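Here is a short briefing on a predicted model. Read it with the structure open, and follow the topics in order.

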Amino acid sequence: MTKSVTDVVCPFCGTLCDDLEVTVTDDGKQILDVYNACAIGAEKFLHSQAKDRITRPRLQQPDGTWKEISYDEAADYTAKMLAGAKKPLMYGWSSVNCEAQSVGNEIAEMCRACVDNTAAVCHGTTLIAVQDIGLPTCTLGEVKNRADTIIFWGCNPCHAHPRHMSRYSIFPRGFFTGKGHKSRKLVVVDPRVTDTAKMADIHLQVTQGQDYELLNAFRVAIRGEWLPDVVAGIPKEKIIEATNVMKAGRFGIIFFGMGVTQSLGKNHNIDEAIAVTKDLNEYTKFSIMPMRGHYNVTGSGEVLAWQFGYPYSVDLTRGFPRYNPGDTSSIDLLNRGEIDAAFVIGSDPGAHFPISAVKKISQVNSVCVDPHITPTSGVSKLHVPVAFNGVETGGNAYRMDNVPIDCRKVVDAPEGMLTDEQFLVMVRDRVKKLKGVA
Amino acid sequence: MKNSPALYLETENICPDEFAGKTAAQIAELHVYEGNTKSTLGKYFEISGDAGATAGETKIVVKGDVTKVKYIGMKMSAGEIVIDGSTDLYAGAWMTGGKMTVRGNIQAFAATGMKGGELIIEGNAGNYLGAAYRGDWRGMSGGKILVKGNAGSDVGMYMAGGEMVINGDVDVHLMTHAEGGKIIVKGNAPSKVAGQMVEGEVIIFGTIDVMMPGFKYVDDVDLEIEGVTAKFAHYIGDTGERHKKRKGQMVYGNLYQKI
Amino acid sequence: MAEYIIKNGFVFDPVQGIKGEKSDVAIKDGKIVKDVSKSAKVIDAAGKTVMAGAVEIHAHIAGPKVNLGRIYRPEDKLFTCTPTKGIERTGSGNSIPSTFKTGYEYAKMGYTTCMEAAMPPMFSRHVHEEIRDTPIIDEGAFPVFGNNWFVMEYLKNNEVENTAAYIAWLLRATKGYAVKVVNPGGTEAWGWGLNCLSINDPVPYFDITPAEIVKGLIEANEYLGLPHSMHIHPNNLGNPGCYQTTLDTLNLAEGYKAKNKFGREQVMHITHMQFHSYGGENWGNFESKATEIMNYVNSHKNLTMDTGNVTLDETTTMTADGPFEHHLTGLNHLKWANCDVELETAAGVVPYIYSPDIKVCAIQWSIGLELALLAKDPMRCFITTDHPNAGPFTRYPRVFKWLMSKKARDERLNTFKNADKVIAASTLGSIDREITLYELAQMTRAGPAKSLGLANICGGLKPGMDADVAVYDFNPDKPLADPEMIETAFSRAAYVFKSGVQVVTHGDIVSIGNKRTLWVDVKVNDNPQVMRDIKEKFLKYYSMTQANYESLGHHFVPNPFALEVDATQV
């Protein structure tokens, strides 16, 4: 027989859909089917059922082979590494629940480490912009119920956040938006003709690397000042048309992604986009929201912020938190040879970091906590597999609009496997002993 | 420098204010950090000479390879530092007075939040030269910076006062969000010059590949810069940004590009 | 559990009417008791002031807008962090401290129970995570109701019983403590970029006025008999001339009587009254209307209030009054953060510098003090800074100093840059009153505890109450040599006990105790209509499911303390 688990929260991306239904076997050990998720979310659940999962920690041997060790031995190794390092880096956290992130923070504080999350390669630049200029935003339900003007700038939700448009931004019939997508205008700014751009009422194919200039032109147009004929490949008439569409709406929102956070200008692009949003509030209601990637990168930022004061790239080496991306951020720390131990969890820098930084991970003592075999685990000395968060264990997570949703456990993890939180608690208790802390 | 660190050193104590009134032996006892490990200046540096009685009477000369040493000259208020080669991050950060000279290059975040004094870089400067600290809308407010080589990106972000001269090129985002101050670039600036500027002055001798749309050409003017007079195209902006009114007139930032 | 005897201190306890007599306070098993055995640990309080632990009735210390403030202000922490020390975790933040620092700093000042002033219900999990991570102090959080779609729809139809059923459901779903109202109606209007600046401005679409929302919520609150009254941040905050809107709002409570089993006597608590006591028509002729406000409060016994004192610091404003924050950024051009919350509320954050050189800031400072000094009943007027809006809570001892020493506050008043203009704009200069230690205990302990419905639990030293005790190095028997001694003594308590556990010794944290999360559990009769409305709104309008909204597991509230209310016999 089967059971149906409802209100399941998808632990893949920042859309954090919480309406999934998962059918499991009666004994709660096997997932049979997933409903309502997008293809990526469904796969997140279903692939956890693979029969060839690594279920125990493995230590890389001098000859390059892997030897299975116990979780106890793995915790010993990890604690020794972190407690003995002069400047360890504890990176990732974005596919880990908040409870585990909190234990990680305790360890980082005791070991005087640097702790960072995937914002460092993603929306960290957004956070820098928010720190410089603020953030007029809202929850996704406000978009669903009120928004009639949607701008996707430098993002492609059709592919990266597949249910975003159907759950929140384009199709839903909300309280004040009974006509669904027919009552909404869509503007897409992207150098490419993406699937999202194909849906747009207006598609501005901005010249790559000149989003900052185009955003500046929007602000100039809003103020009715002189504009050159063409800015960033867009004729000024189209710019004025776009700003008029934005001013004429009742409630507008700009969603943005890597197209602006990690292209030339980075935080400045977001800064100017936020400035556009702020300026538009003189005419109508306007908000802006980053399309966060990993399902709980936002959560890592929140937990780091309420415990240490900063949302990512936190340096605790002097016994108190310091923050300055460029100095305290993971890629810079790795590239410059600043760290002597790397602990990676809930992310895959081996796949996402520049190769120069990944080389550094392979050169220092390193531990990778991840259910999968990844490029990161491949270059680490110790690989610790753990249960899938949001599938085999619950725990709190924060959506891209900062709304907290508590994930559910749907099935048991394979026999004998630990969760991130359980493993981190073992590491923490060993670190306490090593550091002579009560 | 006699012993290179395995990682990087943090030496905010290499500063006339910290050395003042101390003998070489006492200076050697000042703390440094290598990551989370505390040590002393004496473990890494050979120290000779005594400091002056006050910061203003103290001159520090740093020799050897200090390319992995951060925070030299942080918060100095008087006196002098000369670095014989290149150094790392935060050179002269938060300085309020005195003079610091670096014969080689520096890395990012030099002169963060500078309030006064003089910083001379004979080589190249990194990113965020004379910028505000993260989140602070009060950036560099006084003092003078001279870079004989090139500088990086984000120079003078949120600048409010003071002056910079860069003999070489700069990278993107010069003087973003500036509310005052003056920067002269003898070389080129690629793009995103003076974005979101409220007030301030920027003078570019070389090329600007892409001009910000928020800068509007007004007229040509003659300017005398460091004894040389030349004709400059004068732009005002950022017209997309808010501006104050003084005596009924809107006060813009001024951008001059040599013709 | 441990026994303590705090000997020979000068005790100030309004609950028992002890006005500084030398008296012993005995603690056993977490409670104040009459006597203890000979093996009780002796705490020498000779020459010291002894009071119950203080009760913070309104501060922004846990939740999404607080954290947004932390995230977007790295400069609030630069150079001022405290390192890990013993059992103390590292601390950061001046105007918006981290959760660890929040707990430690309150405890070091002798505060033992603190209320988070505004919880957006959808974010309850976030608020509770931060409360859980705030050591030592008991905390509760007030969900906001004044712009809630359910509330507006029910009250438009005068359905008080339905409103009450919804309140009960929401308090349980969010483990909330009280009915909080912020800028009623105006924050929903802000969903469209609009506002309600008077109590009669109708809310767009919902077509209900702030006056109707306020009266309806008072009625629902008394229908249920909740421990605390409706707690309100009135419309039109911060604008010159706003005092009239405030008087209109206070007037809405006319004729209502408190109904509850917790000893509460007020039907309306008005918060950070300083921001609502402005006269004049513009910033040029801005002036204090504290006298008019306090005349009203003094003559209406069914009201309590807190001051919202300005401390003259660089701080961060944060409030569910979204449109106000947009207005503020228009004035000072500093970074503005905003978050509108579907069906419920909004929040805004803007840094602010209360400079003593600016006339308006100095007058705001004067108003906050005036309000407290003009209060006839210290059991109905409490001291706060609306942390961090008017100043960080760590400045409370400085505010006490200004209230207790005319010399200290005159020195500040007379040295303002525009002193004569500032003095002319309020009556502060002519007030001689100095708040006594007994009155301080009323305004920071017994008064707020009673207003919150916690009179039997905390805010006093009567046997049977929780053993929350603070001992200060302040000798009331000696003439006061220097008013600074007030600020010093109240900044770092000599000893603090929380629920019978010694948590602070000579200003250092010695234990993190076992903090509780206070919430109100209301039993109401089954109301299928309201349950159906809730179900429908989740299906159609919310962006998360009802089951997930109501999910608030043990890991969020590990040590709950529920005040039980039975509203089924109404």
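**Nonpolar cores**

- C:Ala107 touches C:Ile136, C:Ile137, C:Val496, C:Val503, C:Val504 and C:Ile509, with residues up to four places away in sequence left out.
- C:Ala107 belongs to the largest nonpolar core, which has 333 residues.
- It is among the residues of that core that touch the most other members. The others from chain C are C:Ile167, C:Leu217, C:Val469 and C:Val471. Chain A supplies A:Leu82 and A:Ala273.
- In soluble globular proteins, nonpolar side chains tend to be buried together.

**Chain B overall**

- Chain B has three helices and 19 strands.
- Its radius of gyration is 20 Å, close to the 18 Å that the globule rule gives for 259 residues, so chain B is as compact as a globular protein of that length.
- The C-alpha trace of chain B spans about 60 × 35 × 35 Å along its principal axes.
- Of the 259 residues in chain B, 54% are buried.
- Take the contacts in chain B with a separation of 6 or more: 35% of them join residues 24 or more positions apart.

**B:His173**

- Where is B:His173 placed in chain B? It sits in the loop between β10 (163-166) and β11 (179-185).
- Is B:His173 buried or exposed? It counts as buried, because it has 31 C-beta neighbours inside 10 Å, and the cut-off for buried is 20 or more.
- Leaving out neighbours within four places in sequence, B:His173 is in contact with B:Ser153, B:Asp154, B:Lys192 and B:Gly195 in chain B. It also contacts A:Gly265 and A:His268 in chain A.
- B:Ser153 is 20 residues away from B:His173 along the chain, yet their C-alpha atoms are separated by 5.7 Å.

**Domains of chain A**

- The domain assignment of chain A gives domain 1 (2-48), domain 2 (54-120 + 295-435) and domain 3 (124-290).
- The centres of domain 2 and domain 3 of chain A, taken over C-alpha atoms, are 34 Å apart.
- How many residues of domain 2 of chain A are in contact with domain 3 of chain A? Ten residues of domain 2 contact eight residues of domain 3.
- On the domain 2 side of chain A, the residues touching domain 3 divide into seven nonpolar, two polar and one charged.

Definitions and conventions:
Residues numbered from 1 in each chain as written. Chains lettered and ligands numbered in written order. Predicted model: local features only at pLDDT ≥ 70, side-chain atom pairs only at ≥ 80, totals over all residues. Helix = DSSP H or I, 4+ residues; strand = E, 2+ residues; numbered from the N terminus. Buried ≥ 20, exposed ≤ 12 C-beta atoms within 10 Å, placed from the backbone. Contact = placed C-beta atoms within 7 Å. Core = buried A, V, L, I, M, F, W, Y, C linked by C-beta atoms within 7 Å. Rg over C-alpha atoms; globule rule 2.2 N^0.38 Å. Domains from an automatic or database assignment. Nonpolar A, V, L, I, M, F, W, Y, C, P; charged D, E, K, R; others polar.
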